[in-house]
Amino acid sequence: MNRRTLQPYPGLRAFERYESCIFFGRQLQVDELLTRLKQHHFLAVTGASGSGKSSLVKAGLLAGLEKGYMGEVGSRWSIAEMRPGGQPFTRLAEALLDDKVFLNAWKPSSLKPSSEKLVNDGEISALTAELRRGSRSLHEILRLSPLPEGTRLLLLVDQFEEIFRFREQEENHATAFVSLLLEACQHKDIYVAITMRSDFLGAAAEFHGLPEAINSGLYLTPRLTRDQLREAICLPAQLFGGSVEELLVNHLLNETGNDPDQLPLLQHALMRLWENDEDKILTLQEYQGLNGLRKALDGHAEQVWEELDPKGQAVVELMFRALTERSRDGQEIRRPLKVQKLLDMTGTDLPTLTKIVDLFRLPGRNFLMPPLHVPLIQDTTLDISHESLIRQWQRLQGWVTAEVKKAAMYQRLLDAAQRYDNEQSELWHGTDLALALEWQAETQPDAIWAVRYEEALLPGSFPRLANDEDKGTCFALTMKFLQKSKAEAERQQRELEIRRERELSQVRQRFLLTFIGFLIAVGLAAWGFTERNHAEKAKLTAQLETKRAIKAEEAAKSEAEKTKIAENNALALVEVTINNLITQENELGVINYIQDVFKSGQKNTLILLLDPLIAKTESMDDNERQYWRHILPQMTDKQIARLVEILFVEKKKLFDLEKKYTGKIEKKFQEDIAKNPKDSNKLFEFAVFMETIRKDYNRAEQLYQQAIAVDPKNAKILGRFAVFMETIRKDSDRAEKLFQQAIAADPKNAKILGNFAIFMKNIRKDYNRAEKLYQQAIAADSKNARNLGNFAIFMQTIRKDYNRAEQLYQQAIAANPKDANSLANFAQLKLIKGDYKNGRALIDRAFAANPEEPALKLELWFYRLAHFPKEYPQAQKEIVSILKTGERDEGWDFSGNIAQAKKDGHANVPLLQAFSDVILNKAKFETLPISAKQ
């Protein structure tokens, strides 16, 4: 098949430059692109996956340039098309040398007969080295090797979002490449165009100068109107002497709807119809045989799959799993690879792989790139033609999900092996080991497969490795760790069996001695019979006295329980009444009501109500708290009024009234600060207000900085500003410095220590430092339920020290019996360990503590479904009901629960796994089996 042989519909792949004659429906947008490129020299064409960005630029913009549609700029162009991949500088060099105009300018001797290869690897390496010299390297290249007079150079970087993935591994090189592009478009004869998925726009801020360039030359690809879609459907067929039935046109226009994959699916369906239609008149009846746009693609891919024998299918699965990946935001994306890499991963030879690949790129299929006319050699880059194939081919979706799970377990193992090798952790045992061994048996990982993940999974943990053979040492380390864990578990099991056998032997000996003693006792029994008769009377008398004492004790206990219930009811009534008065903002009513409670003699109820509030009041120091506790039993009316004012009125000013009077409060803050601009506490309160209520983060940041300038050693302000920089600004370096300043100002501030520990665990992954900070926080305040609960999670999930985690959960719950999160997390730990009685009780307590929190309910109903399916037959419906609201909980790991459920013989473990994937946002709700949704 010749490269220039045209078909009216290209299928899944993007239109190429030479296909501009069949590219319809976008002329207005092409004109807009040409205008913007002329104005800015930098053009960023963005849009959702499947919106037609690449086609618009290649078949629209590039063709327009070559036809001279940019007016006085001219029609003489040197065009370099590329994708960044994992070697952006090399790809740019290849693209430049692939253009004959540039090649002849850079290497005048290159005009040889077309049968000879114009560029060799050495020349590509040489140009790559020149490009790497600095951001102005293209300026220098064109100065030394100028293009022909009047010729412009256009650099087209397709799939620009690949540079963000590349940055994760090679930050300096990625930054240098972006700087080269930004500097290149400052040259009067160089223009730059990029295509990028719009969901990556936020990531552009990672590069200095890129957001500004995108803003000035941004073009968001619009959707085609019905009339434009009609042109795209009908005109290509007419150009080739065919036609599309009007019924089919209207059906396709209606079916495309809001589907993000509408254009690639539409082109694929039309391509199939055209390829299989003899009279080239496409009809609705013929289209109905494809079963719709979505099923057309899935069914077509399945058809190719079924043409392969089992060995070929195994190679295809390995190949497609290697050519796809799931990004950090959960999107399935392409991952182009060299053929040699695929040969290594699949273990097949080039002829076999070529035969399989060709099945997926035959005319009328176009599932893989490059096109069929390009021969496959070891250095050829193979890629999926469009991401819509990943989304629509259900079998491939399953492979991607399986690959993600396989990689996740390898990540955990690799991390654990590295920490064990550094003497920072122990070997695995119990559920973790069982899951890992099951994973190894099911997935059969090898060193070649593992190389794909090692650098991405533990960046910085291992030194950069020179080649795959060196990288294989990481996999060897991991497997050695797993085998050691298995051997240690087997050794412990053998010791347990030996100990049991020894204990059984001892039991047998004791039984023998007991039996001999029994025989002796029988002999003595006859002698003692008479004596027992005398003692029986005395024994009966003692038993009667004991029963009387027990009855008296039970009566007293019943009376105490009634008293306690009455006290609890009284306390609940007081709490409800006060809360209602607070809701009504009736401050005087609160004071009067508590005075009435005090005067009516319910002193104990008042103390039970106020003492916990005093303990939680942040505006009091320890001396003030002790004062109020001391005078509680003998408070006067005036003292009651003052205490109520502290506990209820002042606490409400910022957090309750602000929602109703935000404008007035902001004005009041401004007036107060104008009167006293050095009031650090007022500046701090205003900053919190602007952050949490107004969401004006720039103003909030200014106020935090003003407050710190006034009082640079105020730990409360420093600690809150650190959290702001971490969570709002995502500036981890600045946040860490602020945390350090806050702790230096107040080394025993438990709240700040706890927040810093969370930062070191989640952001820095410095688990040793995080553990020390948790310990310092608890030493500073041993009853801080939040810090205790977070430290328990850390010991459970990171250190795998379940005993220590259990102690910490107990302390957290003792400090705050209504801490729903600690109750739920402690419940999971109990369930994983097989302690169902206590686990179930903790679940019930967690529900009672916070019955309306959706994420918590989702987690707790999952535990009930996994471990108590018979007791809670409604659990499945409850989970589905919550999931339908869009609620998800990505912060936990249900693998331990699933493993325990499997061990207990749960009737439907796959259902648990499916629910887990949806809850953790690893799979979409629609992927649940129909039976799960009922």
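Helices and strands are DSSP runs, numbered from the N terminus. The model described here is predicted. In the protein chain, the secondary structure comes to 42 helices and twelve strands. The chain has 934 residues, and buried residues make up 47% of them. Contacts between residues at least 6 apart in sequence were also examined: 66% of these join residues at least 24 apart.

Strand E2 covers residues 77-82, and Ser78 lies within this strand. The relative accessible area of Ser78 is 0%. Buried means under 20%, so Ser78 is classed as buried. Neighbours within four places in sequence were set aside in listing its contacts.

Helix H6 (residues 137-144) packs with helix H8 (residues 171-184). Their axes are 8 Å apart and meet at an angle of about 55°. H6 is therefore oblique to H8. On the H6 side, the contact is made by Ser137, Leu138 and His139. On the H8 side, Leu180, Glu183 and Ala184 make the contact. By residue class, the contact of H6 with H8 contains three nonpolar, two polar and one charged.

Helix H28 (residues 680-692) has 13 residues. From its first C-alpha to its last, H28 reaches 18 Å, close to the 18 Å expected at 1.5 Å a residue. Its buried residues are Ser680, Leu683, Phe684, Phe686, Ala687, Val688, Phe689, Met690 and Glu691. A side-chain oxygen of Asp679 is placed at the start of H28. This oxygen reaches to within 3.2 Å of the backbone nitrogen of Asn681.

Helix H30 (residues 715-727) also has 13 residues. At 1.5 Å a residue, H30 should span 18 Å. The end C-alpha atoms of H30 are 18 Å apart, so the span agrees with expectation. The buried residues of H30 are Ala715, Ile717, Leu718, Gly719, Phe721, Ala722, Phe724, Met725 and Glu726. The elements that cover these buried residues include H28 and helix H29 (697-710). Helix H31 (732-745) and helix H32 (750-762) are also among them. At the start of H30, a side-chain oxygen of Asn714 reaches to within 3.1 Å of the backbone nitrogen of Lys716.

Several backbone features fall in loops. A cis peptide bond joins Met369 and Pro370, with omega about 10°. Pro370 is in the loop between strand E11 (368-369) and strand E12 (381-384).

Glu423 is not a glycine, yet its phi is positive, near 60°. This residue sits in the loop between helix H19 (394-421) and helix H20 (430-443). The relative accessible area of Glu423 is 75%. Exposed means over 50%, so Glu423 is classed as exposed.

Gln444 likewise has a positive phi, about 50°, although it is not a glycine. The loop that holds Gln444 runs between H20 and helix H21 (447-457). Gln444 is exposed, with a relative accessible area of 56%.

Terms used
Residues numbered from 1 in each chain as written. Predicted model: local features only at pLDDT ≥ 70, side-chain atom pairs only at ≥ 80, totals over all residues. Heavy atoms only, no water. Helix = DSSP H or I, 4+ residues; strand = E, 2+ residues; numbered from the N terminus. Buried < 20%, exposed > 50% of the residue type's maximum accessible area, 1.4 Å probe, protein only. Contact = heavy atoms within 4.5 Å. Axes fitted to C-alpha atoms, helices over the stretch in contact; angles between N-to-C directions. Parallel < 35°, antiparallel > 145°, perpendicular 65-115°, else oblique. Nonpolar A, V, L, I, M, F, W, Y, C, P; charged D, E, K, R; others polar. Expected span 1.5 Å × (residues − 1). Polar contact = N/O pair within 3.5 Å; in protein donor to acceptor, adjacent residues only side chain to side chain.
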